[in-house]
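Here are a few friendly notes to read alongside the model. Please keep the 3D view open and find each residue as you go.

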Amino acid sequence: MYIRLAYAEKIVYIDMDRIMQISKAGKNAISKINDQKKKDVSKFQKIEKELKSKEEDLITKKNVISAEEFNKKLENLSKEINNYRTLRQEAIDLSTKSRLNASADFAEKIKPILADYASENNIDMIIQKKNIIMGKTDLDITNEILKIVDKKINKLKIN
């Protein structure tokens with residue numbers, strides 16, 4: 001099924017994901033989020049090793065200590081593991097929230113840029129590239145908008 005427009009509209013498209021990834025502000029935000037993620041992974045790997053070591057130590061002492069003391073230590077270890085899981089989930093949630101906040105801030109800041117660009121260039125509609133199956137490459141305004149974004153958007157909110 002083909003849809004024909006009764007009048008000529010100027011429609012262009014833009015790769016918002018690409019702009020987010022390669023613009024100065026986008027790169028900076030993504031870099032900060034990834035750096036925090038790496039720190040968290042390192043921290044949690046260290047905690048996992050400590051917990052594993054405590055578990056192995058407790059297993060070796062199982063036949064040496066009383067059942068009551070073993071159960072008490074096992075309960076403490078279980079609490080530590082649960083605390084670890086909670087901290088890890090909080091870190092994951094914070095990372096996700098940071099990404100969403102950066103994306104939302106980016107979307108909010110790019111709207112007026114796109115509106116001005118559309119007005120100045122008599123563009124009727126700007127569509128996201130990810131929603132297009134096929135389109136002429138000369139309708140892609142990503143590089144032009146990227147230049148404007150790098151001039152006008154210096155920083156994105158992460159948290």
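1. Let's start with the rings. Searching the whole of this predicted model turns up one aromatic pair. Its partners are Phe 44 and Tyr 84, arranged edge-to-face, with 5.8 Å from centre to centre and 70° between the planes.

2. Where do the two partners lie? Phe 44 belongs to helix α2 and Tyr 84 to helix α3, so the pair ties together parts that are 40 residues apart in sequence.

3. Are these two residues buried or exposed? Buried means under 20% relative accessible area. Phe 44 has 6% relative accessibility, so Phe 44 counts as buried. Tyr 84, at 8%, counts as buried too.

4. Now turn to the pockets. Rolling a probe the size of a water molecule over the atoms shows where empty space is left. The largest pocket has a volume of about 230 Å³. Its lining is made of 13 residues, and those nearest the centre are Met 16, Asp 17, Met 20, Ser 103 and Phe 106.

5. Which helix gives the most to that lining? Helix α3 does, with five residues. At least two lining residues come from each of α1 (16-22), α2 (24-61) and α3 (67-120).

How values were computed. Residues numbered from 1 in each chain as written. Predicted model: local features only at pLDDT ≥ 70, side-chain atom pairs only at ≥ 80, totals over all residues. Heavy atoms only, no water. 1 Å grid on protein atoms, 1.4 Å probe; cavity = no way out; pocket = protein on both sides within 12 Å on 5 of 7 lines; lining within 4 Å. Points joined across faces, edges and corners; volume = space filled by probe spheres on them. Helix = DSSP H or I, 4+ residues; strand = E, 2+ residues; numbered from the N terminus. Phe/Tyr/Trp six-rings, centres within 6.5 Å; stacked < 30°, edge-to-face > 60°. Buried < 20%, exposed > 50% of the residue type's maximum accessible area, 1.4 Å probe, protein only.
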